[in-house]
Amino acid sequence: MKILPIVLALCLAIACVAENPALVAVIEEPIINKVRDKYFESALGALGTLTMPDFEEGAITATNIRVQISNDSPQNLVVGFDNESNSIKAEIKNTNIKVQVDYKYKAGLVTVNGDADVQGPIDSVALSLLMDKMEDGEFIIPQIAVPDFDLEMDNSKFDLKLTCKGCIKAVESLIATFMKGTLLNQVKDQVKEQVPTMANEIGNGILASSYPRTFPLLEDIRIVTALTDAINVADGHLEIPLDGTVYTEEKGIVRPGPTPDMPRYNPESPGEAQMFFSSYLAQTLSHTLNTLNKLVIKTRFLLFTFVTTIDPSKGKTAISFDNNAIVATIYPKIVTKYLKLGVELGTVVKVSLKIKNGDSQNLLSVVPKIKKLNLNSFKLIVLGIPINLSLFKFLITPFVRLFLNFIVLPTIEIPKSDLLPLTVTDSLLSFNKQYAEFGISFDFEE
Ligand SMILES: *[C@@H]1O[C@H](CO)[C@@H](O)[C@H](O)[C@H]1NC(C)=O
Ligand SMILES: *[C@@H]1O[C@H](CO)[C@@H](O)[C@H](O)[C@H]1NC(C)=O
């Protein structure tokens, strides 16, 4: 009887207030390897040179310490997902380090200046990166921790090149011991201390300052990209649960209802990257469009600019998912400057979306097609004057369908970018009433 209130309190504090995500992004393990193979060299180039503070021990002062890290194959980096500890494990083998240093030896009246170069292998560096989260006001953002960090190196495998002009053997041997002992241990300790600290402080600092809580969609409309929970490390893939509430800056975030459950991974999907969109997304988008004063979108077709206005006072927008389609009730006014010609309609459309894999210019294209269209009302606008033709809506419907197919719903081409030079190898886009699913597999271009 005593346990219940505690469970309830815990429940209120964590699980029970947590919203389901409306948007889940999945990354499968093969992608990690593709990214590794593509960016390994440049990442190592950027991270490969470290400096360390000067230090002194006994009679020796080490200054101008430069550490160079090299590794000749991406295959040396092995990344794995550990679903038990919710962490990503990484191990890198066969790393070579070269430590260059200037030194000063001073004992009594003897002073020697020189430099040294110690070079050898780090047999293995292993770390585990725990996926964590932090509350930031009304948002949850990702954080990381490095609970385990291991570095294995054997000082006796290191080679030393030492300049020690006019040194007697005893001094030279003292300096050699310092370089292969004290200096290497210092480097090891620094790395062991700095890597987890850097990940925690710098990594989390960057996440806290730069992780986008929200993202602009169109005009004043934004989507919440904050998380609903920490990134989930599953067996063979990562699941990133995003809030997905659509809102306007003017009205702020309003949740039109709870987000229903949906799958967060599809093992049958051809996509190594997958996205799941809850029907909540369609609901929150409709809600947002209905609370706007007006949404104005400009599109171009041939020589004409079309201005599409969605005004909630003309009728309520409703968007929902259906099997293999999106169903939308919309009341758009579409006009072009030319002769102030246009249409104003109230319509229920069922639109299917198909994905076409890319070509030399495009990553991929999304092809919308109107499968069904019912007109509730129709006005033709000539010279800015609306003419009510609702009576003839059955005659007009096929023309409206053609017009919408070609002008308002053009194929959306997603161009290739230098930032992500990808070739799509397989893809999937499917809809059902509860959720939509998108999957894509790709290779990096050479
Ligand atoms: C981790 O994945 C394995 C294999 O799919 C599964 O048997 C196990 O229950 C999972 N553990 C957790 C904590 O999810
Ligand atoms: C347009 O015409 C239809 C059918 O004649 C009618 O029901 C409707 O009320 C008219 N709408 C307006 C805004 O006049």
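I began with strand 11 (residues 221-224), which is joined to strand 14 by three bridges, the two running antiparallel. Arg222 has Tyr247 of strand 14 as its bridge partner. I take strands (E, at least two residues) and helices (H or I, at least four) as DSSP runs, numbered from the N terminus. Two strands pair if DSSP finds at least two bridges between them.

I noted that this is a predicted model, in which local features need pLDDT of at least 70 and side-chain atom pairs count only at pLDDT 80 or more, while totals for chains, interfaces and linings use all residues. Residues are numbered from 1 along each chain as its sequence is written, and chains are lettered from A and ligands numbered from 1 in the order in which they are written.

Then I looked up Leu238. Beyond its neighbours within four places in sequence, Leu238 is in contact (C-beta atoms, placed from the backbone, within 7 Å) with Val26, Ile27, Phe81, Ile231, Asn232 and Val233.

Last, I checked the whole chain. I counted five helices and 26 strands. The C-alpha trace spans about 110 × 70 × 40 Å along its principal axes. Of the contacts with a separation of 6 or more, 65% are between residues 24 or more positions apart.

Definitions and conventions: Two residues are in contact if their C-beta atoms, placed from the backbone, lie within 7 Å.
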